[in-house]
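Here is a short briefing for anyone meeting this model for the opening time.

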Amino acid sequence: MTSASSTSARSLFADSKMRLAERVQVNVNYVASLVRQIVRGSKSNEILMHSARNFALQEHTIENTEANLKKLQTLCNNLGQQQDHLIRTCQQIEEVKEQVQAMQR
Amino acid sequence: MGSEQSASQSRPVSFEESNPRQLNFRRQHTIANPGGGNAEPPYDGERPGSTSPGPSVCSDIDLPYISYTVNRPIGADSPKLTNKQQSKPKSSQRKLQSKNVKKTPAHNIVVVKPALSGPNTDRDPDILRLQAIPMFLPIMRATLNLPAARDPEVLERLDPVPMQRMCSRYQNHMYTCANLVATEQNILTQKIREIDLDVAKMVAVASDRLKNFSKHQDKLKKVQELSHQLNKCHILLNHTLESMELLNNYLDIEDRLEPFVWTTG
């Protein structure tokens with residue numbers, strides 16, 4: 001310890017540095033545990049994950065809705081065609097009535 | 001090495017450690033002073049009273065004053081002592097009034113050469129900045145040899161109650177926000193399910209209507225066929241009537257039938 005060689009001088013403060021580093025690490029760990037307590041104590045992580053998972057389960061429902069809507073679109077088109085056909089047919093009925101009356105004369 | 005020298009060669013030059021206040025004016029050149037840093041003792045013309053290492057036995061010219069720090073690490077002295085030593089360079093000109101004959105431990109500082117304070121000392125910006133440094137304590141109170149329990153002092157200075165209040169407020173805030181978001185998401189989920197059910201109902205209604213109307217459509221197609229057939233019938237009837245008229249006219253006047261009249265019942 002009393003030798004004044006340069007190697008021992010360079011390792012002079014190694015012990016102090018190590019202790020300082022340990023103190024700093026202890027403080028950092030304190031801060032980390034405090035923050036972890038805040039985060040876990042508020043349970044925000046769990047709540048948000050739960051709600052996100054529920055929302056993600058609705059994906060299937062939404063696909064179902066989309067398929068139904070497309071079916072509805074085609075049904076509407078078909079109903080429209082049917083309506084046109086019915087109108088034409090009703091007009092034809094009128095014409096047929098007139099023809100029958102004409103034939104009766 | 002240095003401490004052993006001082007222990008064996010102590011002289012009236014060295015001073016008592018129990019007067020920390022009077023030691024504040026001792027300043028030692030800790031940096032090698034090539035110009036004026038002679039190992040010149042203040043009172044005697046000899047070397048033996050100085051604790052500085054002699055001409056270096058080993059070849060470490062770059063670190064000449066190691067022995068001071070080896071045996072006297074930074075935390076060994078009190079903080080007031082170190083602070084006063086740093087903050088008063090001018091007072092190094094004062095000389096001590098009493099001389100002690102006691103053997104001194106290796107904690108006294110010997111002035112190798114008194115400091116030169118020129119007329120511009122007070123206006124030197126560096127010295128002014130040095131004087132403006134506030135008092136501070138070292139980071140770690142413990143030293144290599146004295147593990148000190150000074151941490152409670154540090155902890156007493158920090159009041160934990162406001163910190164704890166702030167942390168619990170933050171925690172509650174996070175909890176509240178998370179709950180709000182979760183309730184909104186749940187409402188959205190329910191609405192999605194309701195919409196899905198409604199759309200499914202609408203699809204069922206529309207498909208029912210489509211089936212019914214297709215049945216009506218099939219029935220009404222018969223009307224169209226009927227009208228076609230009626231048309232054909234009418235045309236055939238007209239044709240037949242014409243043919244009858246023609247045939248009737250071909251006959252002699254005696255055999256002709258009466259003109260055909262379509263009587264309705």
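## Salt bridges and their surroundings

In chain B, the side chains of B:Asp126 and B:Arg129 meet in a salt bridge, at 3.5 Å from N to O; a salt bridge here is a side-chain nitrogen of Lys or Arg within 4 Å of a carboxyl oxygen of Asp or Glu. Please keep in mind that this is a predicted model, in which local features need pLDDT of at least 70, side-chain atom pairs count only at pLDDT 80 or more, and totals for chains, interfaces and linings use all residues. Residues are numbered from 1 along each chain as its sequence is written, chains are lettered from A and ligands numbered from 1 in the order in which they are written, and side-chain values use heavy atoms, with hydrogens and water left out.

**The two salt bridges**

- Over all chains, the structure holds two salt bridges.
- B:Asp126 and B:Arg129 sit three residues apart, about one turn of the helix, in helix α4 (residues 125-132) of chain B; helices (H or I, at least four residues) and strands (E, at least two) are DSSP runs, numbered from the N terminus.
- B:Asp126 counts as partly exposed at 44% relative accessibility, while B:Arg129 is exposed, with a relative accessible area of 59%.
- In chain A, A:Glu66 forms a salt bridge with A:Lys70, and the closest N and O atoms are 3.8 Å apart.
- Because A:Glu66 and A:Lys70 are four residues apart in helix α3 (residues 44-104) of chain A, about one helical turn separates them.
- A:Glu66 is partly exposed at 46% relative accessibility, and A:Lys70 is exposed at 55%.

- Which residues make the nonpolar surface patch of about 710 Å²? They are A:Val26, A:Tyr30, A:Val31, A:Leu34, A:Val35, A:Val39, B:Met163 and B:Met166.
- Patches are made of residues with over 30% relative accessible area and no salt bridge, where like charges are joined within 9 Å and nonpolar side chains (Val, Leu, Ile, Met, Phe, Trp, Tyr) within 5 Å.
- Accessible areas come from the Shrake-Rupley method with a 1.4 Å probe, and for residues only the protein chains shown count as cover.
- Helix α2 (14-41) of chain A and helix α6 (160-250) of chain B each supply at least two residues of the patch, and α2(A) gives the most, with six residues.
- A:Tyr30 has its place in helix α2 of chain A and is exposed, with a relative accessible area of 55%.

**Single residues to look up**

- B:Thr189 lies in helix α6 of chain B and counts as buried at 4% relative accessibility.
- Leaving aside neighbours within four places in sequence, B:Thr189 is in contact (heavy atoms within 4.5 Å) with A:Asn54, A:Phe55 and A:Gln58.
- A:Lys43 is found in the loop between α2 and α3 of chain A, and has a positive phi of about 55° although it is not a glycine.
- A:Lys43 is partly exposed, at 44% relative accessibility.
- A search of the whole structure finds zero disulfides over all chains; a disulfide is a pair of cysteine sulfur atoms within 2.5 Å.
- B:Cys167 is buried, with a relative accessible area of 10%, whereas B:Cys177 is partly exposed at 33%.

**Chain B as a whole**

- Chain B has six helices and zero strands.
- Of the 265 residues of chain B, 21% count as buried.
- The accessible surface of chain B comes to about 19,900 Å², and 58% of this belongs to carbon and sulfur atoms.
- Among the contacts in chain B with a separation of 6 or more, 74% are between residues 24 or more positions apart.

- Chain B averages a pLDDT of 69, and 52% of the residues score at least 70; pLDDT is the predictor's confidence in each residue, from 0 to 100.
- Among the elements of chain B, α6(B) has the highest mean pLDDT (91) and helix α1 (residues 2-8) the lowest (41).
- Over residues 1-46 of chain B, pLDDT stays under 50, and the model has 80 contacts beyond four places in sequence for them.
- Residues 81-103 of chain B also have a pLDDT below 50, with 30 contacts in the model beyond near neighbours in sequence.
- For the complex, the predictor gives an ipTM of 0.74 and a pTM of 0.50.

Conventions. Buried < 20%, exposed > 50% of the residue type's maximum accessible area, 1.4 Å probe, protein only.
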